[in-house]
Amino acid sequence: MTPLAAYLMVAALLFAIGLAGALTRRNAILVLIGIELMLNAANLNLIAFWRYGPHPELLTGMMFAIFSIAVAAAEAAVGLGLVISIYRHARTTDLEQMNRMKG
Amino acid sequence: MSPIFYLLAAITVAGGLATVLLKNLVHCALAVTIAFLGLALLFLSLDAQFAGFVQILVYIGAVAILVVFAILLTREAEVPESSPAGRVFSKTWLTGLVIAAAVFAMLGWAVLQSAQALPNETAMPAVSVRDIGNALVGRYVLPLEIVALLLTAATIGAVIVAMHEKEAK
Amino acid sequence: MSGMNVPATIDQIFILFTDWVAHFFPAAIRPIVGVVLGVIGIISVFPGLFALTTVFERKGLGRMQNRYGPNRVGPFGFFQPVADGIKALTKEDVVPFRADGVLHFLAPVVLLAAVFMGFAILPVGRNMVLVDMDAGLLFFFAMGASTELSVFMAGWSSRNKYSLLGAMRAVAQMISYEIPLLLSSVVVIMVAGTLSLPKIVEAQAGYTGIWPHWYVFTPWGLAAFLMFGIAATSETNRSPFDLPEGESELVAGYFTEYSGFKFAIFFIAEYLAMFSMSGIATTLFLGGWSAPLSFLNVLPSWFWFFSKVMCFIFIFIWVRGTLPRLRQDQLMNFAWKFVLPFTLLDLFVTALWRFMGEGWARWIVCSAILIAAYVAMGRVGMFRKNFAHRRYRYAE
Amino acid sequence: MLGEGIIKGMLETAKNFAGSYVSKERLTTVQYPEEREALPEASRNFPILIYDGPEWEAGLRCVACQICEKECPPKCILIEKSADKKPDAVGKPQFYPTRFDIDIAVCMSCQICVEVCPFEAIKMDKEFELATDDRFGGLLHDRHQLAKSNEYYHQIHPVEAAEVDARLAEERAAAAAKSKAAAEAAAAKAAAAKAGAEKPAPPAGGGA
């Protein structure tokens, strides 16, 4: 069986990739995607810990992951709504041009 | 470590990398779907059937589609990012890469440090969807209600934020 | 179970055959052989059914419009799909110059794969299910959800405005109708208490007198069944919800730029999605493979399953031959302002039904609520105004 | 109530579905190559050239006036005028086409050639099964392929052909009367001249 550490390493790698994406890309949508990737990496951790933890029948990690997925979906919806709304005002999704406080 | 795990991990990481590195926005959105799919399969390999299918349903079926819609709705704004050659040496890119690498190094170090202490094998938990349902409306009923409220609020919020402003112009 | 008076050999003939083939192999790989045979069964039976359905659909549509359908190739035109297949295979595979080659190629492959996956959990007869998954229904909907992205891939990679428009329509429509689809199956899950399809079928087994205990014969079941049917028609892009491919306005929607074999794959995938949707509807509401009347149990279970699926197919064809295509705004209004609230109400009614206990009272109360809601939403519903007046909105 | 119309429509199609198996009158289509419906009188496809009498080459009504060639909007007609003359349908000596080609790949069946023809020589055919595997030669019809007898014309457009025949007969009669009158006049003149100068009269021109 695959050791828990392997799953944790994959999750860490994915988290780092998501972080790099969120930090380097200039498009707001891609930043959101990077954040989603980080959330997903966290979910993988939760599921892996649930599976290898002492009391899987209590479903703690699994529940955490399911709620996290639900929250992430809500976050994506609102985030993308905001991006579209900003795009309406500023005609851009480039974060470097979105630094003004007035619309 | 089974070859299947390597395969799934490779798919997931490759999808993630492609998301960050590809230039075309739509390609990025499709690449992130591959990462989501890889993660769902990893969940399945961890015997978390329910979470795996929910992952596919929510991420591939909804979030990826949302992202794609957002990309197409803001298509005029597709600014050509600075050329790849120039990007490698740009300050933002370098800073981001360094921070990400540092975070990964730290996480990896932490994992490897505790690898001995981590459990390597457990019996497969006998968890059915019925148990998950019972837990959701039993032990976790308060979070469930809060999530329900959050989702409703998010739906309304997203609609209002993105709604067509009436006769604004 | 009440179905024990069926001649067991005929009923289980496919299982017996699989076991017989598997016993030639070493014990270690016998389960794999069984699964492989099941997969072969699925990928041969349902495309075969697809071929037959295309002929029946064209002939049936013809008859509904007072003309003969195809009747030239072979006896009564039944070799028409063979001719069509040869034509599709020998045609040139055209890829637009500016198209995104990789995505253009991947889209039909991904679509067909996702659609085929959905058949894995379909119980086509007693003990005849490839994988009895604990979260079977969720698996089915997860696979259904992943077809949307391949539709988008097809439309976007073609670099054609009609394709893109068709794909966006298809995706918006599929997302909108996925919610009522899921909610109307949640109704069944609530009562059956399981996501596993064979268990849902078993929950509907048994007869009162000669009448079966199917969920469609309850007020909430009928309502959910109708909503499921509407949502399923829309999910599979069938007429009258076929505006993603609307031939008269969008050429062919997201597969405008596909030709030859790739087009055939889209075509097959559409029909296979229709079969799997019919199969799920049969399983959820019509008792799966159980016989419609108790004494009809003498016929094998798989016969009943496929008969019910074919009935659904006929209704699909019948509706296609009758109703005109909706407009995009009508479609969306209908989904969000009628189907979705009604399924939500049905969810509530089902809970009421569950907690009211046996007796006639729950029949009357539940039917009254549903009928009143239906009439009220149909008559004074806000969507009537929007059906009549068209408000133009332009993309920015 | 919502859905009433849908049910009504579904019943209608169901009636059609069942009815089409019971009564053949419901079916609006025919099984084409085996069953054919008579084409209406006014149906038309591509132009043909009409000839009188048994010999197609001798009987062609066309006098190579080239009006149709000039009027044809897509320019699908090619006519070459003969050097010599021969008597036409009415009896006057006229030129005749040594070449008359119509490219039916170009023809758009507008019937303008028929409208402008003063000699009733070009008419529209009803033949529509003209498909060929040779798209250049096979669709370029020469005057032999285009020539169709007057009887054939009567077959495909009986009413129109009868009118045309009546008109031609009238013209022929008029021409005959005219030539007769001319002959008589000539004879009278000749007689007068004979009476006057005792000279032989020139033969009367034109035969009828």
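**Close-up views of a predicted four-chain model**

**View 1. Chain B has seven helices and zero strands.** The model is a predicted one. Read along the sequence, the pattern of chain B is α-α-α-α-α-α-α. Chain B has 169 residues, and buried residues make up 36% of them. Some contacts in chain B join residues at least 6 apart in sequence; of these contacts, 47% join residues at least 24 apart.

**View 2. Chain A and chain B touch through 61 residues of chain A and 70 residues of chain B.** On the side of chain A that touches chain B, helix 1 (4-24), helix 2 (28-52) and helix 3 (60-90) of chain A each supply at least two residues. Helix 3 of chain A gives the most to this side, with 20 residues. Which classes of residue make up the side of chain A that touches chain B? The residues there divide into 45 nonpolar, 10 polar and six charged.

**View 3. Helix 3 of chain B passes helix 6 of chain C in a left-handed crossing.** The helices concerned are residues 49-73 of chain B and residues 136-157 of chain C. Their axes come within 9 Å and cross at roughly 25 degrees. An angle under 35 degrees counts as roughly parallel, and helix 3 of chain B and helix 6 of chain C are therefore roughly parallel to each other. From helix 3 of chain B, the residues in the contact include Phe50(B), Phe53(B), Ile56(B), Leu57(B) and Gly61(B). From helix 6 of chain C, they include Leu138(C), Phe139(C), Ser146(C), Glu148(C) and Phe152(C). By class, the residues of this contact of helix 3 of chain B with helix 6 of chain C are 15 nonpolar, two polar and one charged.

**View 4. Phe97(C) lies in the loop between helix 4 (80-90) and helix 5 (101-117) of chain C.**

**View 5. Chain C and chain D are in contact through 14 residues of chain C and 13 residues of chain D.** Which elements give two or more residues to the side of chain C that touches chain D? They are helix 3 (30-64), helix 12 (301-322) and helix 14 (360-379) of chain C. This side of chain C has six nonpolar, six polar and two charged residues.

**View 6. Three strands of chain D form an open sheet in the order 6-1-8.** Strands of a sheet pair through backbone hydrogen bonds, either parallel or antiparallel. In this sheet of chain D the pairing is mixed. Strand 6 (122-124) and strand 8 (147-149) of chain D are the edge strands, and each pairs on one side only. From one strand to the next, the twist averages 50 degrees. Strand 1 (residues 47-51) of chain D pairs with strand 8 of chain D in the parallel sense, over three bridges. Which residue in strand 8 of chain D is the bridge partner of Tyr51(D)? The partner is Ser149(D).

Definitions and conventions:
Residues are numbered from 1 along each chain as its sequence is written. Chains are lettered from A and ligands numbered from 1 in the order in which they are written. This is a predicted model: local features need pLDDT of at least 70, side-chain atom pairs count only at pLDDT 80 or more; totals for chains, interfaces and linings use all residues. Two residues are in contact if their C-beta atoms, placed from the backbone, lie within 7 Å. Helices (H or I, at least four residues) and strands (E, at least two) are DSSP runs, numbered from the N terminus. Ala, Val, Leu, Ile, Met, Phe, Trp, Tyr, Cys and Pro count as nonpolar, Asp, Glu, Lys and Arg as charged, and the others, Gly among them, as polar. Axes are lines fitted to C-alpha atoms, for helices over the stretch in contact, and angles run from 0 to 180 degrees between N-to-C directions. Angles under 35 degrees count as roughly parallel, over 145 as roughly antiparallel, 65 to 115 as roughly perpendicular and the rest as oblique. A crossing is left-handed if the near helix is turned anticlockwise from the far one by less than a right angle, and right-handed if clockwise. Two strands pair if DSSP finds at least two bridges between them. A residue is buried if 20 or more other C-beta atoms lie within 10 Å of its own, exposed if 12 or fewer, and partly exposed in between; C-beta atoms are placed from the backbone.
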